[in-house]
Amino acid sequence: MARKGRLALAALVILALALPFAAAAQAKTTLTVLWFNDANESDVFQKTMADYLTAHPNVAIDMQVIPFKDYENKLKLMIASGSPPDIARLASAHVPLFTSSLEPLSGKPVFDQLAKGYFASSLALGRDSNGRLMAMPTEATANGMIVNKTYFQNAGIDVDKLSQTWTWDQWTDAMKKVLKANPKAKYGIAVDYTTHRFSTFLYEAGGRFIAADGKSMGFDTPETLDALNFFKKLHDEGLAPPSVWMGSENPQELFQAGLVASHVGGSWLINAYSQSVKDFEWAAVRMPKRKINSSVPGGKFIGTFKDSPHKEAALDLIAAFSDKAHNEAYCRDTYNLSARKDAKIAYASRSKDFAVFTADLDATPAYTADDWKSPILAKLNSYIREQIVDGLLGQQTMATTAANVQAKGNSYFAQ
Amino acid sequence: MKAKARSHGTFQQTLAPLLFLAPNLLIFTLFIVVPALQGIRMSLFKWSLLDGKTFVGFRNFALAFRDPMFWQTLGNTFVYVLAVVPLVLVLSLALALPLSKEGGGAGFFRSVYYMPAMLSLIIVGIAWRWILGFDLGIVNYALKSVGLGPVPWLIKGSMAMTSLVVVTVWTRVGYFMMMFIGGLQAIPSTFYEAARIDGAGRFDIFRRITLPLLRPIVLVVAVLATIEAFKAYELIYVMTQGGPGSSTKLLVQYIYQSAFEEDRLGYASAMSVILLVIIGIFTVIQFAAQRGNYENE
């Protein structure tokens, strides 16, 4: 009896010890995914990964969507408090900011293999200063020009043909005719009020923010001055509206209202304008050439963190999301450019416009990505914008603007 | 027995009020005192959210005093405060004087003037941006329809600051008007009756009865409006983002930029401490001026 009792007790102890392990085996791994939306990306991400979740019933996603303006601070605070999410969507400017916290993807065979299928310029934005890949591109973005085609037609200009090889001088001549032929159009060009959009002009003039060695600023140069003075000339001659860079008006609204004939913005505008512009015909055109043709590479990324609680499961999901089929589906449904070289995407419409932005991206020098992955540039963003506006207002010369930005940037390098 | 009664009285007079205050004190300590002390501590460090912290003593303060943007934003802040506070004081009192009496639609007008104070500053900012926009704004559209040129409400530095002051005053005047109405209604009517019997005119009554008896409310409004104006951020950010350039950027926006865009939390904390000292000085001056007025009477 005593022996039976001992056996029963031992069985109970074994059962008690085994239960937690059994429960753990059954438990779901819930991956916390921190996301921001430009449009519908969080929904499309979940829809794209539905087949993965079906194949992995023990994995679930807890999607937390944060407004973009609060996103960076939220992520910084989560990392600083030691509880980063398992997966985070990152803008290209975020990658350098969070490099020290991100889990490197380089050196992991699955990601080394995946990287071979992506554009080098897109991958460059996801790499740290040692060239290690820290986050996978989910989609590519580019800066480019969208024009009101109806206005050009009214002026008797075949913008499709002209824009194949046009320079800024040719653009200026054409725009003067467009404004004359279309009394409703007040301005020739609206440029989004961001340093990123201005950098399109900088790169086309042959300038750059950070010196080639990456150890100091390379902004105070004749090329930069050329870009800044040209940008000021657009405003001084009334070709660009003062209300965008010196006020707070939305250039997208100005274009939609027919007040401006062209808009320099991001590739996401294709999606926005295909939904909102009904009153006139529009199209993406190649950026006019100055010293060179250039866009600005950008994109969104996805990564996991060194301290993420479910790092291995997160890496597995990121790898699956980055394969050809998932990437194509995601880019098609979010209406974005793909960063994969082998992507063949049939968009619901406007495929030709996507091709124009991709062509601008192809012409873009690789060093532009080095600028935008620099944490120094991320810190200088607002300052550069304010300094440019001080120049546009005539409160200082553009040479002073270039010198001030150079000095402030170098003070960060010195730290 | 007597001693016991005294002990009971002591508990009621000292411990019980403290117990009632305890929840508020706890919240105040946790959410105001502790973060403020932490801010002072942070101001002595070179502090980054991602790269950690290093003790630098008072170097952040020295940096601030050498930083042209600090002086520019501090100057903008003073311009804004010195324009907003007197306007808010005068206009809210001017509105409160007729509306403190019942009847004649006073209730309706009180609601109308108070309404902007109930709106979120973000919504107010967006609405006014639409109203004052250069190319798409309602005001300029109306001006254009009568043959007048557009006015650069938000795209010229001084004009943008003026627009911000006007919108701020529009937003806050109703709130402070209600405080003045409360103060005016608390003044016994017998004072006014006696003054009228003695043949005092409207202006004399206002100068010798209303204003002296309203001084505590004037002080409260002046202190609150000053603190609010020094801390203004949301409305300005939505309307101008501190622009054009940095001509309407106030110190609070620069503190935010330094902390969260440039990741210089120590430097931002040092500027916050300086702002705290400035607000403290203004408040002490206002209290001292008020005390001086009482002593002169």
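Reader: Let's start with the largest cavity. How do its lining residues divide into nonpolar, polar and charged?
Author: In this predicted model, the lining of the largest cavity has 4 nonpolar residues, 1 polar and 3 charged.

Reader: Which residues are they?
Author: The lining is made of Trp168(A), Asp169(A), Thr172(A), Phe230(A), Lys233(A), Leu234(A), Glu237(A) and Leu239(A). Helix 10 (168-181) and helix 12 (222-236) of chain A are the elements that each give two or more residues to it.

Reader: What volume are we talking about for that largest cavity?
Author: About 40 Å³.

Reader: And how many cavities of 30 Å³ or more turn up in the whole structure?
Author: The search finds 1.

Reader: OK, switching to packing. Which residues touch the most other members in the largest nonpolar core?
Author: That core has 132 residues, and Phe45(A), Met145(A), Ile189(A), Phe201(A) and Trp245(A) touch the most other members. Helix 20 (residues 375-392) of chain A gives the most to this core, with 9 residues.

Reader: Where does the core lie relative to domain 1 and domain 2 of chain A?
Author: Between them, because both domain 1 (8-140 + 299-348) and domain 2 (143-296 + 374-414) give residues to it.

Reader: Back to Trp245(A): what is it in contact with, leaving aside neighbours within four places in sequence?
Author: Trp245(A) is in contact with Val191(A), Asp192(A), Tyr193(A), Thr194(A), Phe198(A), Phe231(A) and His235(A), and also with Arg385(A), Ile388(A), Val389(A) and Leu392(A).

Reader: What about the second, separate core, which residues does that include?
Author: It has 66 residues, among them Ala229(B), Met239(B), Leu265(B) and Ile278(B).

Conventions
Residues are numbered from 1 along each chain as its sequence is written. Chains are lettered from A and ligands numbered from 1 in the order in which they are written. This is a predicted model: local features need pLDDT of at least 70, side-chain atom pairs count only at pLDDT 80 or more; totals for chains, interfaces and linings use all residues. Side-chain values use heavy atoms; hydrogens and water are left out. A nonpolar core is a set of buried Ala, Val, Leu, Ile, Met, Phe, Trp, Tyr and Cys residues joined through side-chain atoms within 4.5 Å. Buried means under 20% relative accessible area, exposed over 50%, partly exposed in between (1.4 Å probe, protein chains only). Helices (H or I, at least four residues) and strands (E, at least two) are DSSP runs, numbered from the N terminus. Domain bounds come from an automatic or database domain assignment. Contact means heavy atoms within 4.5 Å. On a 1 Å grid over the protein atoms alone, a cavity is a set of points where a 1.4 Å probe fits but cannot get out, and a pocket is an open set with protein on both sides within 12 Å along at least five of seven lines; lining residues have an atom within 4 Å of a point. Grid points are joined across faces, edges and corners, and a volume is the space filled by probe spheres set on the points. Ala, Val, Leu, Ile, Met, Phe, Trp, Tyr, Cys and Pro count as nonpolar, Asp, Glu, Lys and Arg as charged, and the others, Gly among them, as polar.
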